[in-house]
Amino acid sequence: MCLGIPGELVEFVQEHEDLAVVDVSGVRRRVNVGLLADEGLRPGDWVLVHVGFALSKISEREAQAVFDYLQGLGQPYADELDALRGSDIG
Amino acid sequence: MRFVDEYRDAGRARALAGRIAESCRPGRRYTFMEVCGGHTHTIYKHGLEDHLPSEVNLVHGPGCPVCVIPMGRVDDAIHIARRPDVIMTSFGDMMRVPGGSGSFLDAKAAGADIRMVYSPLDALKIARANPDRRVVFMAIGFETTAPSTAMTVLRAAAEDLGNFSVFCNHVMIIPAIKAILDSPDLRLDGFIGPGHVSAVIGCRPYEFIARDYRKPLVVAGFEPLDILTSVHMLLGQLAEGRCEVENQYTRVVPWDGNRIALSAMGQVMRLRPHFEWRGLGFIAHSALAMADDYAAFDAERVFDLPGLRVADPKSCQCGEVLKGVLKPWECKVFGTACTPETPIGTCMVSSEGACAAYYNFGRFSREQISAAAREPREASRP
């Protein structure tokens, strides 16, 4: 729950201005990007996702570092990714 | 070179450790609190204390949201969940947290409809799909997750979704830090400030710590080198006679935080006059409830709750651990009666709890425990 997981913004969801599809280690899920409306997000940008909401825009460099950090955590990250896989935000 | 190397490089860590040692005044002890459970996790996982000179003592703070949920609130949530018309939804982290009469997992095994969700928006989807049931989201967390709850409630209100409500247990980090600063139990020299919470609240709310309490605070990232760098920054401030708020984690944390997140929280939630924290007791203005305009989405008003206060088990010393007064291995039941499989206290439940982090990374040994037994207070009260 406390983990921020990095995702790459793939595309915005047309029928909902606050939703976008992000790719987290190959898992593609819709997340809410409404908290970053000031950031002028575009596909290809990286964001840190907390419980289905993109909370921070980050660089690709930072995304890779966070990703590596999370993999090092082991089970807590596996659990978070499992939870993300089960997510179906509409 | 891989990106991550610059945050992990052993040579850089050694060089930084050398600079940290040079920054210490001989004979002086420095006690810094890392407020966030994520930092605690990194410190134990990478054995950072081994890189620090004996002058520097890191103590662990209350920044693990699962750890600070009082037992009475778990019981209230289970009371709601047992209703046949209710679907309770919760982050997975919450499932094993013990209340006075069991956990969510126990209640689920006994027939309550409790479902794990990744996001409050998943709970909203369950509410849409089950119009004949009342769907409650067990909202926990600091300012990292509170905006998500607020945005979800705004969405529910926009859709006029009448069968969705939130059992709001969001807590705030600043009153907890203030309670620790006002506590006579611990003398601190500075703080390693939380990373993701600060992405929401920014750095300004910490300024009173430097101004009124004369303690430096450095907002830090979660990599080992982030934490070592932050320790070096704290020592640098003390050596120069400065007490300021500094931001080591500019990669993620803007100085002013996230405007939209703060605005959503301000719209949907209000400050509670007081709230009980497990182990820490009641702290004034330390938690959020649903605002009156959103009463229809407030599980505390939608349902009748017992609202009973339940005392923590006598053998549990989570309160002392959460305040940084005790190290995990100094607790009477650590690793014996209390383990991640059979936790007595919350610090052993969450992977970010200090006790679970310490237990899982196997850094406790008989030597350390006997050393602790010889000088327990010296380790925590310099």
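This is a predicted model: local features need pLDDT of at least 70, side-chain atom pairs count only at pLDDT 80 or more; totals for chains, interfaces and linings use all residues.
**The parallel sheet of chain B**

- Chain B has an open sheet of four strands, arranged in the order β4-β3-β5-β6 with parallel pairing.
- At the edges of this sheet lie β4 (114-116) and β6 (164-170) of chain B, each of which pairs on one side only.
- On average, neighbouring strands of the sheet are turned by 25° against each other, with direction ignored.
- Strand β5 (residues 134-141) of chain B runs parallel to β6(B), and seven bridges join the two.
- Within this part of the sheet, F137(B) stands opposite V166(B) of β6(B).
- Helix α6 (residues 120-129) of chain B packs on the sheet, where it touches β3 (86-90), β4, β5 and β6 of chain B. The direction of α6(B) makes about 175° with that of β5(B).
- Helix α7(B) lies across β5 and β6 of chain B and runs at about 160° to β6(B).

**Helices α6 and α7 of chain B**

- These two helices also meet each other: the axes of α6(B) and α7(B) come within 9 Å and cross at roughly 25°.
- Angles under 35 degrees count as roughly parallel, and α6(B) and α7(B) are therefore roughly parallel to each other.
- The crossing of α6(B) and α7(B) is right-handed.
- From α6(B), the contact uses P120(B), L121(B) and L124(B), while α7(B) brings S148(B), T149(B), T152(B), R155(B) and A156(B).
- This contact of α6(B) with α7(B) has four nonpolar, three polar and one charged residues.

**Helices α2 and α11 of chain B**

- Helix α2 (residues 10-23) of chain B packs with helix α11 (residues 224-239) of chain B at an angle of about 20°, and their axes are 9 Å apart.
- The helices α2(B) and α11(B) are therefore roughly parallel to each other.
- Their crossing, that of α2(B) and α11(B), is left-handed.
- Residues of α2(B) in the contact include R12(B), L16(B) and I20(B), and among those of α11(B) are L228(B), H232(B) and L235(B).
- By class, the contact of α2(B) with α11(B) has 10 nonpolar, four polar and two charged residues.

**The two domains of chain B**

- A domain assignment divides chain B into domain 1 (1-312) and domain 2 (318-380).
- The centres of domain 1 and domain 2 of chain B, taken over C-alpha atoms, are separated by 20 Å.
- Domain 1 of chain B gives 29 residues to the contact, and domain 2 of chain B gives 21 residues.
- On the side of domain 1 of chain B that touches domain 2 of chain B, α3 (37-45) and β2 (56-63) of chain B each supply at least two residues. The largest share of that side, six residues, comes from α3(B).
- That side of domain 1 of chain B divides into 14 nonpolar, nine polar and six charged residues.

- Strand β2 (residues 19-24) and strand β3 (residues 27-32) of chain A pair in the antiparallel sense over six bridges.
- One of the pairs brings V22(A) together with its bridge partner R29(A) in β3(A).
- The strands β2(A) and β3(A) form a hairpin with two residues between them, and S25(A) in the turn has a positive phi of about 45°.
- Between the chains, 31 residues of chain A are in contact with 35 residues of chain B.
- The elements giving two or more residues to the side of chain A that touches chain B are β4 (46-50), β5 (53-58), α1 (60-73) and α2 (75-85) of chain A. Of these, α1(A) provides the largest share, six residues.
- By class, this side of chain A has 15 nonpolar, 10 polar and six charged residues.

Note on methods: Residues are numbered from 1 along each chain as its sequence is written. Chains are lettered from A and ligands numbered from 1 in the order in which they are written. Two strands pair if DSSP finds at least two bridges between them. Two residues are in contact if their C-beta atoms, placed from the backbone, lie within 7 Å. Ala, Val, Leu, Ile, Met, Phe, Trp, Tyr, Cys and Pro count as nonpolar, Asp, Glu, Lys and Arg as charged, and the others, Gly among them, as polar. Domain bounds come from an automatic or database domain assignment. Axes are lines fitted to C-alpha atoms, for helices over the stretch in contact, and angles run from 0 to 180 degrees between N-to-C directions. Angles under 35 degrees count as roughly parallel, over 145 as roughly antiparallel, 65 to 115 as roughly perpendicular and the rest as oblique. A crossing is left-handed if the near helix is turned anticlockwise from the far one by less than a right angle, and right-handed if clockwise.
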